[in-house]
Amino acid sequence: MTILYDLCARIVELRNKFGITQAELARRLGISRSAVNTWEMGLAIPQLKHVIEMSKIFNTTVDGMLNISDQVVINITDLSKKEQQVIFSMIDCLKNNHEK
């Protein structure tokens, strides 16, 4: 039941972080607001397709939805090698500044 609790809490956390109401999340998922409320209360579990769609809405992974990992995934495979290297360099720079 820990995973269920984590998922319920995570939906609330991410929804609030992104400033999305239950009604807005429900609209984007094509379901009722009461379904989102039921998930957040821990009375029901969202279908996998909804967990996957929420991971896209909240810019995280399915693991992130389950609070297993809070890493953000950004697909850069369509960028050139040089563009990818620029992004990696920017990330390294930000990490170095954050550590100081």
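N59 sits in the loop between α4 and α5, where helices (H or I, at least four residues) and strands (E, at least two) are DSSP runs numbered from the N terminus. This is a predicted model, in which local features need pLDDT of at least 70, side-chain atom pairs count only at pLDDT 80 or more, and totals for chains, interfaces and linings use all residues. Residues are numbered from 1 along each chain as its sequence is written, and side-chain values use heavy atoms, with hydrogens and water left out.

N59 is a friendly place to start. Although N59 is not a glycine, its phi is positive, at about 50°. With a relative accessibility of 38%, N59 counts as partly exposed; on this scale, buried means under 20% relative accessible area, exposed over 50%, and partly exposed in between (1.4 Å probe, protein chains only). I74 belongs to the loop between α5 and α6 (81–99) and is exposed, with a relative accessible area of 63%.

Just after α3 comes G42, with a positive phi of about 80°.

The inside of the model can be explored next. In soluble globular proteins, nonpolar side chains tend to be buried together. A nonpolar core is a set of buried Ala, Val, Leu, Ile, Met, Phe, Trp, Tyr and Cys residues joined through side-chain atoms within 4.5 Å. The largest such core has 14 residues, and I11, L25, M54, F58 and M65 are those with the most contacts inside it. At least two residues of this core come from each of α1 (2–17), α2 (22–29), α3 (33–40) and α4 (48–57). I11 gives a view of its surroundings: apart from neighbours within four places in sequence, I11 is in contact (heavy atoms within 4.5 Å) with L25, W39, E40, P46, M54 and M65.

E40, one of the contacts of I11, lies in helix α3 and is buried, with a relative accessible area of 14%. Beyond its neighbours within four places in sequence, E40 is in contact with C8, I11, V12, R15 and Q22. The C-alpha atoms of E40 and V12 are 6.3 Å apart, although 28 residues separate the two in sequence.

A charged-looking name can also turn up inside. R10, in helix α1, is buried, with a relative accessible area of 2%. Its side chain is joined to that of E13 by a polar contact of 3.0 Å. A polar contact is a pair of N or O atoms within 3.5 Å; within protein, one must be able to donate a hydrogen and the other to accept it, and residues adjacent in sequence count only if both atoms are side-chain atoms. The R10 side chain also reaches the backbone oxygen of G64, at 2.7 Å.Across the whole structure, the search finds 1 aromatic pair. F18 and F58 form this pair, which is tilted, with 5.5 Å from centre to centre and 50° between the planes. Rings of Phe, Tyr and Trp (its six-membered ring) pair if their centres lie within 6.5 Å; planes under 30 degrees apart count as stacked, over 60 as edge-to-face and the rest as tilted. The pair links distant parts of the chain, 40 residues apart, with F18 in the loop between α1 and α2 and F58 in the loop between α4 and α5 (62–65). F18 is partly exposed, at 37% relative accessibility, whereas F58 is buried, at 2%.

Finally, the cysteines were checked. The count comes to 0 disulfides, a disulfide being a pair of cysteine sulfur atoms within 2.5 Å. C8 is buried, with a relative accessible area of 6%, while C93 is partly exposed, at 43% relative accessibility.
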